[in-house]
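Here's a quick briefing to read with the model open beside you.

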Amino acid sequence: MSRPTSGPVASDPSWGNRSDLDVLNRDIPRVDGPVKATGEAVYTHDVRLPDMLWARVLVHPVPRAEIESIDVEAASEMPGVVHIEALKEPGDAVRYLGDDAVLAVVAAETPDQAADALGAIVVKARRLAPVVTPEQALKEGAPVVSRRRKADSNVGRANERGDEAVADAALAGAVAVVERTFVVPIQHHVCLETHGHVVQPAPDNEQVTVYASTQSVGGTPRGLARTLGRDASKIRVLTPHMGGGFGSKFGPGLEGALAARVANVTGRPVHLMLTRADEFAIAGNRSGSRQKLKVGADSDGRLVGLKLEADKLGGVSGGSLPGPPYIYTVTDGAAVFSKIRSVHTATDGSRAMRAPGHPQASFAMEAAVDELGYLLGMDLVDIRIRNLESAVHHRQLRRVAEEIGWADHPNRDRPGAAVNGRAVGIGFGVSVWGPGGRSSRCDVTVRPDGSVVSATATQDLGTGARTYVAAIVAEELGLTVDMVEARIGDSDLPPSVTSGGSVTTGSSAPAIKDAAHKAREGLEALLTDVLEAPVGSYVWKDGRVSVRGDASRSLPWIAVCALLREPLLAQGEFRDFLHEGRIHGAQAAKVEVDTLTGRVKVLKMVTCQDQGLPLNRLALRSQINGGMVQALSYGLLEQRVFDEQDGFLLSDNLDLYKIAGSQEIPEMVALIDDEDERPSVCGMAEAPVIPGHSAIAGAIHNACGARLTRMPFTADNVLETLYGKI
Amino acid sequence: MKDFDLKLPENLDAAIGELPAEYTREGAQVLAGGQDIVTVMKDDIEQPAALVSLQRLGLDGIEWDGDGGVTLGATVTVQALADDAGLERAFPALREAAQSIGSPQIRSQATLGGNLNQRPRCPYYRHPSVSCFKKGGSVCLAEFGFNKYAAIFGGGPSYFSHPSDLATVLLMLGATASISGPGGERKVPLAELYVLPEESLETETVLRPDEILTSVTIPAPPAETRSSYLKFKERASYDFALAAVAVSVVLDGSGVVTDARVVLGGVAPKPWEVPAAARALIGKSMGPEAWTAAGAAAVADADPLEHNGYKVHLVKGLVFRALESLA
């Protein structure tokens, strides 16, 4: 049995001096690297339970239809089919391609039998006009697909800010004015692991076990309680390993509810993971946008006025777009006017995705800053620094400019031109994020045999979170990371946060630190009689404890633990002063453009990013690199494609929905901003995804004078911008 | 995917005997590397009751004749074409084309015969719920819908662009296919192997359902021939061609082009030879002026749809770049 630590607490925990750290602020290989590399790690997809059924859902192929019949009879007679259920009745409408288009669920003994049964369901439906583009949604007489109550059009209420007349007057007085319309397509999360669950039912007095690919192991029991007809405490959710979420996996979703229902009805374990095609159709996306942006500057390059009219394109959801001016400052805040509205289509609603709305806003704003710089003949770094308030941004921009070779670049204040059809350019972008810190708990247990467990109900989406759960404790107790077992991904553990908005580190790390600190003081309380020094006067290092200033009074770790008669349990909680959530980043990209073929090759990307104390420099650089890759892929390739005639989602596969592969990846430099000496921690995953595509677009413009106002930067876009549409 | 029988015949006659005389969606089809036919079956486009494997027919040889020509067996893998030192010396463009295909995994499994006989990549054709001319339907949704990847030459009533890189380069190299059927063997030049949608909608080649392409023979190139295959992939890591150019030139001692051949890929329902582009080169000095003229000649007859006009710009650029690489 364990007992909570008792006795007076001598001091508050702290992250300590960076120069004293032995584990943190270094490169720590992730603790689950070997099991992931060998395939030993069990993801939700990999869970196999005795007697398990394989479930699949049937998604209607077009967004809008009226159901005439769903005949499951032949399918239900097929070999291995155990459960089959139509989810719509004759006369029901399919209102959009998303959850509402899920027509049936099938469960069978094998995955192939489930797929075959799905194919044998006979659906008769009258297909209705698709509303898959904003043009179709805005056309006069368009079917109303908005889900707002009493909606009479597909346009949401416009959010208007500022005084248009004041903005117009300021723009009229500006020395340089840029006006452009930017078009940003819908992006998919493309998690390596699709959405889904494995549900193992149980008698009423026992816990149901749910394996979930989720960003919220702690919130999922509540999300499934009603479907499973039991209290959340009788549901245990496990996420031992997870293949990505990026904001798309906060709740069990329809697929989780259906898995739970089929498990309830059949009394058997059910495996329901979406296929890749289903994933593209119903599992969310990053909203698109159309932004008509007008920005003016004075002769010194200061932004003096701004107007934005924008449509957020979030399907049946609202979409997201932060208000202007994005990150940059307009000298007179009253000279900023914006009108932002949602335009709804009959397509899957947008969900949170890594910095929701921010990359979209960045694309337009960075372009405007570039173009004002060129109009005024200003260096692109100088005009940015002039309009950014934070000195952190200033130093970060100078740092990335140095790393990318800006000083030797010929086109610093005007676009270049191609020579023999080839041109090289450089572009920039900045980011901000405010990663919160919230209530979180952690238990650290030290056993008499010297083993240590750090346990908290967080989840590792692939970020490396599991590693710091062990490393923070190792640092505090003078151990190596492998001496601490990290337990996460289990809703029965002490509660922590949903991983969204980069809050995981800022919330869970302080609680882990607090628990580790309490464990340390609990052990020091035992040592007062042995080494004869009060709590707070010990140094824990290299697997030993010694009295500060007297290395002769010392014990090895194992001997300290042997003083315990029973396991020592230290319960930590979120401590606000260990966290600070205000971060900055700057990026630069260098590209080569072949103006004869439209090929854009990204040669190099650089990021400089602050976040307070780097817990694990290796994981941090990995996150920064991941952000650059995701932004590069967004900029160069990604685009959701619908057939506009009948409404088929053509890009429901990784053949047509193109994401960057190894050949797209440039030289990447992830610089950790070590001038940030804040004694706090926070997450930072959103920031590095915000400006990468903007920097690439800027680099294309800088190379050859072609300002691409829509994404992605594929050959058709480059060639049509250069030479016009044929 | 429907269940199917896997046939493993030990000789060519037995293999041909397993194939149907007339096409049906359920009729047996040939299996080589399986990189295309299996995906066609998974997407529910064809439902063959049997696949007839060429695995045991010994069609995986690379055999040189005494004069510098070579015969490539139908089941030689794409990777083997990319790795063969002799092919690289004699036909560098073939090697470039092979290396540009798919991913390492796909190249290691995919075959020459399978590549030449692969089906269209049009997203409408590949979509399990879409009906189209190529699947027995009565419409080509690409004509007025999403046609960014569609043909700018030779389209109508269907507008897919042929995806085979090897077809494009082998046509440029003047290769001939050997085809065996119940009536014996026939030789078909690559230039006559493919048919346009206006000639046939259910197939892309002159092969009959009970015929097997067994090998391809490339004649020895004329002395001093330079050749190149330049493929533009939207996603460099692995992709089909947005457009591709296979080009060969022969230069005299003063750098004047005396012979040329230009074939385009990814822009028509079959590999698209542009004799006008070759004519624009012959007699000209090898240089930017000739390359620009050849590019312009290559697209003179293009007839793009709403979203694929950029391919006109792209082909011009690729012709220029391919010729530039041979200078």
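In chain B, take the contacts between residues at least 6 apart in sequence: 62% of them join residues at least 24 apart. Contact here means that the C-beta atoms of two residues, placed from the backbone, lie within 7 Å. Bear in mind that this is a predicted model, where local features need pLDDT of at least 70 and side-chain atom pairs count only at pLDDT 80 or more, while totals for chains, interfaces and linings use all residues. As for labels, residues are numbered from 1 along each chain as its sequence is written, and chains are lettered from A and ligands numbered from 1 in the order in which they are written.

**Chain B overall**

- You'll find 14 helices and 12 strands in chain B; these are DSSP runs numbered from the N terminus (helices are H or I, at least four residues; strands are E, at least two).
- With a radius of gyration of 19 Å, close to the 20 Å from the globule rule for 327 residues, chain B is as compact as a globular protein of that length. That radius is taken over C-alpha atoms, and the rule is 2.2 Å times the number of residues to the power 0.38.
- Along the principal axes, the C-alpha atoms of chain B fill a box of roughly 60 × 50 × 35 Å.
- Of the 327 residues in chain B, 53% are buried, meaning that 20 or more other C-beta atoms, placed from the backbone, lie within 10 Å of a residue's own.

**Where chain B touches chain A**

- The contact pairs 26 residues of chain B with 27 residues of chain A.
- On the chain B side, helix H9 (141-144) and helix H14 (310-324) each supply at least two residues.
- H14(B) gives the most to that side, with eight residues.
- By class, the chain B side has 15 nonpolar, seven polar and four charged residues. Ala, Val, Leu, Ile, Met, Phe, Trp, Tyr, Cys and Pro count as nonpolar, Asp, Glu, Lys and Arg as charged, and the others, Gly among them, as polar.

**Inside chain A**

- Helix H3 (residues 111-120) of chain A has A:Gln113, A:Ala114, A:Asp116, A:Ala117 and A:Leu118 as its buried residues.
- Those buried residues of H3(A) pack against strand S2 (53-59), helix H2 (73-76), strand S4 (81-86) and strand S6 (102-108) of chain A.

**Domains of chain A**

- Chain A is assigned domain 1 (3-30 + 437-578), domain 2 (48-60 + 65-128 + 190-282) and domain 3 (390-435 + 581-723), with bounds from an automatic or database domain assignment.
- The centres of domain 2 and domain 3 of chain A, taken over C-alpha atoms, are 37 Å apart.
- Their contact takes seven residues from domain 2 of chain A and eight residues from domain 3 of chain A.

Notes: A residue is buried if 20 or more other C-beta atoms lie within 10 Å of its own, exposed if 12 or fewer, and partly exposed in between; C-beta atoms are placed from the backbone.
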